[in-house]
Amino acid sequence: IMPKPLKGKKVLITAGATREFFDPIRYISNASSGQMGYSLARMAYILGADEVLLISAPTNLKKPYGVNLINVISALEMYNKVMENINNFDIIIMNAAVADFRPAIKSNQKLKKDKESTTLNLEPNPDILKETGKLKKENQILIGFAAESENILQNSIDKLKRKNLDFIVANDLSNFSRDFYEGILISKDGKKIEIKENSKEEAAYRIFNLFLQQI
Ligand code: C5P
């Protein structure tokens, strides 16, 4: 029988790549597949969480069994759904790849190719993880991800402090769109544990086990 270390806990997870539209069909987004977030949600259910809520930006993935899914598109929508729900959750894992900026104007009509070149004005999106860190209560655990292309360790430690996290999973951009997963779990007291697994499913299992040992 599978042990149920998450029994009594409610887990909220964000996943996917947000889309920031600037006309009815065009948007800014990124290459995150959402696989890690969905694997974490599936694993949270398997490990016995009382409730798993996955707030997901668009992906090509199916809803994991046993998980409640809220679909959102933009960072602003994701921010609103997270804010509506965070008070009900014990463990909050932000894995979504959220656009830092959104187009300042969304045209109701499809933009025309009537110029030689053009520019797009952007304005900042809320940092969902940082806002959650500010609101975090004593009994809540907040875990972030950091996808970095350079100075992985230092940038991730800075992020963990700046955003008031309990843990951060630091990984290299090379994890995007592949099965093999390589990262480092860093705790707020500075412990670093390597994660090297053959799939994101196994990485999700290891991440839960590692941080459950420390809380
Ligand atoms: O984009 P960045 O590398 O700073 O993301 C680090 C963490 O912050 C990730 O866990 C991501 O889900 C979260 N994040 C967020 N809202 C943003 C930007 C990032 O929740 N606007």
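Which residue in β10 does F145 stand opposite? Let me start there, and hello everyone. The answer is V169. One thing to keep in mind throughout: this is a predicted model.

β9 covers residues 141-148, and β10 covers 167-172. The two pair in the parallel sense, with six bridges between them. Bring in α4, residues 152-162, and you have a β-α-β unit made of β9, α4 and β10, with right-handed sense.

On to the other partner of β10. That is β11, residues 181-187, and here the pairing is antiparallel, over five bridges. If you want a residue pair to look at, A170 stands opposite I184 in β11. Is β10 enclosed or open? Five of its six residues are buried, so β10 is largely enclosed by the rest of the structure.

Between β9 and α4 sits N151, whose phi is positive, near 40 degrees, though the residue is not a glycine. Between α4 and β10 sits N164, also a residue other than glycine, with a positive phi of about 60 degrees. For background, most residues other than glycine have a negative phi. As for surroundings, N151 counts as exposed because it has 10 C-beta neighbours inside 10 Å. N164 is partly exposed, with 16 other C-beta atoms within 10 Å.

Next, the ligand. Which residues come nearest to it? Of the 16 residues around the ligand, those are M94, V98, I128, L129 and G144. Two elements, α3 (128-135) and β9, each supply at least two residues of this shell. β9 gives the largest share, four residues. By type, the shell divides into nine nonpolar residues, four polar and three charged.

Let me set the record's annotation beside that. An unreviewed UniProt entry has the feature "binding site" at D100, K110, P126, D127, I128, L129, F145, K159 and K163. Those positions are spread over 64 residues of sequence and also spread in space, with up to 37.8 Å between C-alpha atoms.

Two lysines from that list are worth a look. K163 lies in the loop between α4 and β10, and K163 is buried because 21 other C-beta atoms lie within 10 Å, where 20 or more is the cut-off. Beyond its sequence neighbours within four places, K163 is in contact with L129, K130, G133 and G144. K110, on the other hand, is in the loop between β7 (101-103) and β8 (122-124). With 10 other C-beta atoms within 10 Å, K110 is exposed. Setting aside residues within four places in sequence, the contacts of K110 are D23, P24 and I25.

One last stop, at V72. You will find V72 in the loop between β5 (68-71) and α2 (75-85). Is V72 buried or exposed? Buried, with 21 other C-beta atoms within 10 Å. Leaving out residues up to four places away in sequence, V72 touches I55, S56, A57, E77, M78 and K81. Among these, A57 is 15 residues from V72 along the chain, and their C-alpha atoms are 5.0 Å apart.

Note on methods:
Residues are numbered from 1 along each chain as its sequence is written. This is a predicted model: local features need pLDDT of at least 70, side-chain atom pairs count only at pLDDT 80 or more; totals for chains, interfaces and linings use all residues. A residue is buried if 20 or more other C-beta atoms lie within 10 Å of its own, exposed if 12 or fewer, and partly exposed in between; C-beta atoms are placed from the backbone. Two residues are in contact if their C-beta atoms, placed from the backbone, lie within 7 Å. UniProt positions are given in the numbering used here, feature names are shortened, and annotations may be inferred rather than shown by experiment. A residue is near a molecule or strand if its C-beta atom, placed from the backbone, lies within 6 Å of it. Ala, Val, Leu, Ile, Met, Phe, Trp, Tyr, Cys and Pro count as nonpolar, Asp, Glu, Lys and Arg as charged, and the others, Gly among them, as polar. Two strands pair if DSSP finds at least two bridges between them. A crossover is right-handed if, with the strands pointing away from the viewer, the path from the first strand over the helix to the second runs clockwise.
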